[in-house]
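Please open the model in a viewer and follow the selections below in order.

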Amino acid sequence: MPNFDDSVTVRELVLLVVDAAGGTVNGRTAMQKLCYFGSAVIEQDSGHRAHYYGPYSRPVEDAVSNSAFAGDITETVTPFASGPGRQYHYELTPQGRETVTELRAAHAGAAYRIDETVKRLGELVPGYRQKPLSLAAKVDLIVRQHDTPVDTSDVPTLARDLGWQVDEGDVKTAVSILLGLGRIAEVQTNPRS
């Protein structure tokens, strides 16, 4: 059985997440959210804080850039065909795959847990779509910031306090993902009259 007590650097987390996602991740937001859940499952702080699209980590962004600079991943940027903005695509290089093999040997427990979480997210959110991943990460962060159970009807208000706009449908989507991940065990609902 793997040892679940080993820790990884943020750069190692990024590489393990990309590998667990099948060797590629499309989008900066998806990368951030997969790393958020990857770090959460190994109970390690990767610097994620409330941000517009959900939990964001400057250390993760830096680790992605450093991994690309070091040649472990390629970062491809293409403009959106339908308007302003750019799409980011990350892929492990052959060198990155060798690095991941070494990481898996050195950090088997962390690698196992990250694999299980990222693969489960892939089942719950096919294609690691940005919006559902962001919603799940937002609700997870809200729940983790409170010492007492959070009622789902309170989530939109708590989200607003962090600068996020979520409605009841968003909460329902997020809760189903978090239940599927085992991040929450039961749902408290007390609809207001």
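**Strands and their pairing**

Begin at Pro-79, which stands opposite Arg-86 in strand β3. The model is predicted, so local features require pLDDT of at least 70 and side-chain atom pairs pLDDT 80 or more, whereas totals for chains, interfaces and linings use all residues. Residues are numbered from 1 along each chain as its sequence is written, and side-chain values use heavy atoms, without hydrogens and water.

Select strand β2 (residues 73-79) with β3: seven bridges join these antiparallel strands. Strands here are DSSP runs (E, at least two residues; helices are H or I, at least four), numbered from the N terminus, and two strands pair if DSSP finds at least two bridges between them. Six residues separate β2 from β3 in a hairpin, and Gly-83 in the turn has a positive phi of about 155 degrees.

Asn-26 has His-89 of β3 as its bridge partner.

**A helix crossing**

Move to helices α6 (residues 130-144) and α8 (residues 168-181), whose axes come within 8 Å and cross at roughly 80 degrees. Axes are lines fitted to C-alpha atoms over the stretch in contact, with angles running from 0 to 180 degrees between N-to-C directions. The two helices, α6 and α8, are therefore roughly perpendicular (65 to 115 degrees). To display the contact (heavy atoms within 4.5 Å), select Lys-131, Pro-132, Leu-135, Ala-136, Val-139 and Asp-140 of α6 together with Asp-170, Thr-173, Ala-174, Ile-177 and Leu-178 of α8.

How values were computed:
Parallel < 35°, antiparallel > 145°, perpendicular 65-115°, else oblique.
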